[in-house]
Amino acid sequence: MSELVKFSVNGEEHEAKKGSLLIDTLLDRDIHIPHFCYHQALGKDGNCRMCMVEIEGQKRPQIACDTPVKEGMIVRTKGENIEKVRRDILELELINHPIDCPTCDQAGECKLQDYYMESGFYESRVNVNQKVTARKRVDLGSNVMLDQERCVLCTRCVRFCSEITGTNELGVISRADHSVIGTFPGKPLDNPYAMNVVDICPVGALTSKDFRFKQRVWFMESFDAICNGCSMGCNIHVDHRKEKYKDDQIFRFRPRVNRDVNGWFICDEGRLSYKNEEENRFTTSLINSTETDFSNTIASVYKILTEKKDILFVLDPSLSLEEMQNTVKLAEAVKAEITGYSPQYIDESFADDYLRKSDKSPNRASFKELNINESEEDFKNKIAKAKTVIILNNNYFDQNLEILEGKTVISCFSHNCLTISKSNVAIPISSFYEKSGTYINFEGKKQKVISKLNKDKPMESVSSIIEHIKSMVEKGSL
């Protein structure tokens with residue numbers, strides 16, 4: 001076990017592992033320290049010099065990103081002297097920076113903007129016409145746009161492509177105040193994690209072509225969730241907004257730090273999957289392909305459950321743990337069988353040795369938790385015997401509709417699919433990000449999602465539909 005040392009920061013005592021970087025200690029304790037080039041996933045680089053601190057006994061300020069913690073160290077991040085040093089460094093960063101804040105897509109999330117505002121450094125000693133200019137709106141590829149003028153040359157993006165993806169598409173071109181970030185000839189930015197450079201860019205140099213000019217960030221709200229793109233269960237921020245006269249809408253996903261799951265990053269496919277929420281939604285209840293009220297479909301389901309035998313529930317690995325638990329209880333009550341067969345989510349070509357997993361479903365591990373069989377042999381035996389099939393968001397039958405011939409079919413889907421056309425009763429349900437629930441990733445880590453979307457006409461979750469059925473059972477009515 002690493003030795004712990006005691007030291008003080010701005011007069012407050014702290015403990016940390018001996019030899020750990022001072023900047024990590026400050027960031028982990030939410031002690032404000034300006035910085036551009038340092039990132040906890042990328043390590044130290046020491047090129048921006050913004051993280052200067054005073055250390056008692058040292059002749060000159062030191063950069064926190066290259067200073068190991070020592071016993072008895074006395075650190076000051078505040079004070080007239082050290083703040084002047086950082087202000088002078090900030091002035092150097094701003095010499096050639098364009099006055100783009102009103103039109104910059106990064107406004108509200110820009111560290112350079114934050115630092116100059118808190119420093120009170122509102123006037124430049126350099127005339128606008130004297131500034132060195134560079135290319136604007138450079139399409140790097142992979143949905144990433146570069147504005148070379150706004151870059152502070154922190155090289156986070158370069159190090160990400162070198163150290164994390166190992167693809168090395170980005171580099172620093174030219175020298176001195178003409179240095180810019182760019183791609184190598186004939187090698188555009190092209191890797192499955194490329195859009196992470198937008199998140200790690202501390203200024204408005206790298207922006208997302210997908211999100212550019214869609215929303216100002218201060219208008220949006222956010223809640224914590226997980227990506228439902230594969231069994232890794234990467235942690236994300238869901239940024240959404242309910243505009244006037246419009247329904248609540250998701251505008252982007254951003255990676256959320258969880259060192260035990262995805263670290264600091266997510267893949268581009270998962271990031272852009274927010275679009276799937278709104279596209280091709282199933283919204284109207286159907287009985288024999290005729291539109292009807294939700295209450296009528298619940299009554300029909302109740303009648304089928306109480307009158308029919310040989311019932312099979314087909315669960316989908318995108319359902320929450322709570323939805324699966326409630327379905328298991330309902331199946332036991334009506335003496336029905338259950339299967340979790342869902343091979344359509346397995347895609348070996350999607351997997352890599354970093355974050356992406358071949359199982360493109362978020363909650364298959366809950367099948368094991370609840371002893372739900374998902375084998376092909378078990379499925380074939382149960383589907384052959386079943387006369388009534390209740391399908392919960394599992395689109396496996398879209399490619400195998402003939403299996404449902406001659407059976408009574410009840411389906412619950414969040415998005416339109418072919419299986420709905422074969423259903424006697426079809427009920428629209430809430431999408432993944434419209435409901436709250438627990439999900440278990442491939443390593444067995446349970447993660448809770450609490451949705452904060454505020455839809456005008458929210459759909460029911462599988463759990464709430466089961467509650468409606470239970471209510472009818474208790475009342476003994478149809």
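Is D66 buried, partly exposed or exposed? At a relative accessibility of 41%, D66 is partly exposed, a class that lies between buried (under 20% relative accessible area) and exposed (over 50%), as found with a 1.4 Å probe on protein chains only. The model is predicted, so that local features need pLDDT of at least 70 and side-chain atom pairs count only at pLDDT 80 or more, while totals for chains, interfaces and linings use all residues. Residues are numbered from 1 along each chain as its sequence is written, and side-chain values use heavy atoms, with hydrogens and water left out.

D66 takes part in a salt bridge with K44, at 2.9 Å from N to O. A salt bridge is counted when a side-chain nitrogen of Lys or Arg is within 4 Å of a carboxyl oxygen of Asp or Glu, and 37 salt bridges are found by this rule. K44 is also partly exposed, at 47% relative accessible area.

A second salt bridge joins K84 to D88, at 3.0 Å from N to O. These two residues are 4 apart in helix α2 (residues 80–94), which means that about one helical turn separates K84 from D88. Helices (H or I, at least four residues) and strands (E, at least two) are DSSP runs, numbered from the N terminus. K84 is exposed at 52%, whereas D88 is partly exposed at 33%.

The salt bridge between D147 and R150 spans 3.3 Å from N to O, and both residues are buried. D147 and R150 also belong to a network of salt bridges that includes D100, K136 and E149.

Pockets were located on a 1 Å grid over the protein atoms alone, a pocket being an open set of points where a 1.4 Å probe fits, with protein on both sides within 12 Å along at least five of seven lines; lining residues have an atom within 4 Å of a point. The largest pocket holds about 1200 Å³, the volume being the space filled by probe spheres set on points joined across faces, edges and corners. Its lining has 41 residues, and H39, K111, D199, I200 and R254 lie nearest the centre. Strand β13 gives the most to this lining, with 4 residues. The lining of the largest pocket comprises 19 nonpolar, 8 polar and 14 charged residues, where Ala, Val, Leu, Ile, Met, Phe, Trp, Tyr, Cys and Pro count as nonpolar, Asp, Glu, Lys and Arg as charged, and the others, Gly among them, as polar.

The second largest pocket has a volume of about 900 Å³.
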